[in-house]
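Colleague: I would like to learn how to read a few features in a model like this one. Please start with the general idea each time, then show me the case here.

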Amino acid sequence: MKQLKSLVIVVILFIGTQVSAQTKVAHIDVQALMTSMPEMKTAQEQLKKIQETYDKDYKNMVTEYQTKLQKYEQESATAGDALNETRSKEMQDMGARIQQFQQNAQKELGQKEVDLLKPIMEKAQNAVKKVAKAKAITYVLDATTGSGVIVADGEDLLVAVKKELGF
């Protein structure tokens, strides 16, 4: 009888613990949130301007390269071997500079994108954390397409987080 009483007490404590340990789960499409943030539009415009500048410089370099190449090809028959060799080396160097410029431009553009998006992402994460805490949500899943969330029947925080961010 004493063992049965102890068993009932243990079962009641176990069930009580399970009920109090329930967790709330919600989801948010982080990509949709980020693309709707005004800061994101500003960052995209800045990146577009930088990209356009790099593209303009790259096109100018390529145009100069092509112009010199045509000129040298037209004059190669009448120019001496030493001059043709010098011009060939110049064209190779110019081609290498163009490739180096393109690689550096891509690297710098990527770094600028990271620099611009990091504070936006942090702001979004802080807003998600604040809303989750206010709603006593334990886990928030990223419901962005392709993020691994298959079913998202829980609470969607997108509207609440947008409201927290003021838009």
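Predicted model: local features only at pLDDT ≥ 70, side-chain atom pairs only at ≥ 80, totals over all residues.

Colleague: In what order do the strands form the open sheet?

Modeller: Strands of a sheet pair through backbone hydrogen bonds, either parallel or antiparallel. Strands here are DSSP runs of E of at least two residues, and helices are runs of H or I of at least four, numbered from the N terminus; two strands pair if DSSP finds at least two bridges between them. In this model 3 strands form an open sheet in the order β2-β1-β3, with parallel pairing. β2 (139-142) and β3 (155-156) each have a single partner strand, so one side of each is left without a neighbour in the sheet. Strand β1 (residues 25-28) pairs with β2 over 4 bridges, and V25 has Y139 as its bridge partner in β2.

Colleague: Is T144 buried or exposed?

Modeller: Buried means under 20% relative accessible area, exposed over 50%, and partly exposed in between (1.4 Å probe, protein chains only). T144, in the loop between β2 and β3, counts as buried at 11%. Y139 in strand β2 is partly exposed at 49%.

Colleague: Which side chains make polar contacts with the side chain of T144?

Modeller: A polar contact is a pair of N or O atoms within 3.5 Å; within protein, one must be able to donate a hydrogen and the other to accept it, and residues adjacent in sequence count only if both atoms are side-chain atoms. The T144 side chain makes such contacts with the side chains of D29 (3.1 Å) and D142 (2.6 Å).

Colleague: How many salt bridges does a search of the whole structure find?

Modeller: A salt bridge is a side-chain nitrogen of Lys or Arg within 4 Å of a carboxyl oxygen of Asp or Glu. The search finds 6. One of them joins K123 and E39 (2.3 Å, N to O). K123 lies in helix α4 (residues 81-134) and E39 in helix α3 (residues 38-75), so the pair ties together parts that are 84 residues apart in sequence. K68 and E90 also meet in a salt bridge, at 2.9 Å, N to O.

Methods
Residues numbered from 1 in each chain as written. Heavy atoms only, no water.
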